[in-house]
Amino acid sequence: MLEDIPTYKAFRDLLCWFQFSFHRPGRISEKEKEQISAFLDHCLETKVMKKAHAFLAREGHVSQNKKKFKLELYDLWFKPNKRCHKGGSFRFVSAFEHVFVGEIVNEEVIGFHNWVHFYKEECRGNTSYED
């Protein structure tokens, strides 16, 4: 069952910190940092991430050191990046937010590429594939 998978549990726990289309302040609480760390730890224990890490390290794109790689993943996934939009507007959004939570820009949904989260939101009546 999905809820029994450690990476999914950690992912689900993280979602409470990220709200669809809500611009979050730059400060991250200690509790959020702990949950991000736990999520990354669970991800790094999966076979696919171990293979991805080995490949990327072999190609010279990331550190071979697991702790340094975790920090690189944190920067890549959770550090806010400035995203410019039509009309000159911009906001700071992390890759995690864009991919897993989604954004609303000029009344248009962008990001929100994660089917599991989309399915859960659809079950709650918050979104619809048909929309």
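These notes cover the helices of this predicted model and one tryptophan in a loop.

1. Basis. The model is predicted, so local features need pLDDT of at least 70 and side-chain atom pairs count only at pLDDT 80 or more, while totals for chains, interfaces and linings use all residues. Residues are numbered from 1 along each chain as its sequence is written, and side-chain values use heavy atoms, with hydrogens and water left out.

2. Helix 1 and helix 2. Helices here are DSSP runs (H or I, at least four residues), numbered from the N terminus. Helix 1 (residues 6-15) packs on helix 2 at an angle of about 155°, and their axes are 9 Å apart. Axes are lines fitted to C-alpha atoms, for helices over the stretch in contact, and angles run from 0 to 180 degrees between N-to-C directions. Helix 1 is therefore roughly antiparallel to helix 2 (over 145 degrees). Their crossing is left-handed, meaning that the near helix is turned anticlockwise from the far one by less than a right angle. Contact (heavy atoms within 4.5 Å) involves residues including Phe11 and Leu14 of helix 1 and Ile36 and Phe39 of helix 2.

3. Helix 2 and helix 4. This pair packs at an angle of about 120°, with axes 10 Å apart. The crossing of helix 2 and helix 4 is right-handed (clockwise in place of anticlockwise). Among the residues in contact are Ile36, Phe39 and Leu40 of helix 2, and Phe69, Leu73 and Trp77 of helix 4.

4. Helix 3. Helix 3 (residues 47-58) has twelve residues and spans 16 Å from its first C-alpha to its last, close to the expected 16 Å (1.5 Å times one less than its number of residues). Its buried residues (under 20% relative accessible area, 1.4 Å probe, protein chains only) are Met49, His53 and Ala57. These fall within an arc of 65° seen down the axis, so they line one face of helix 3; the arc is that of the directions from the helix axis to the C-beta atoms. Their cover includes helix 2 (30-44) and helix 4 (66-78). The face turned away from the buried side carries Lys47, Val48, Lys51 and Arg58, which are exposed (over 50%). Glycine 60, with a positive phi near 80°, follows helix 3.

5. Tryptophan 17. This residue is in the loop between helix 1 and helix 2. Its relative accessibility is 28%, so tryptophan 17 counts as partly exposed (between the buried and exposed cut-offs). Tryptophan 17 is 14 residues from lysine 31 in sequence and 9.7 Å from it in space, C-alpha to C-alpha.

Technical notes: Helices (H or I, at least four residues) and strands (E, at least two) are DSSP runs, numbered from the N terminus. Angles under 35 degrees count as roughly parallel, over 145 as roughly antiparallel, 65 to 115 as roughly perpendicular and the rest as oblique.
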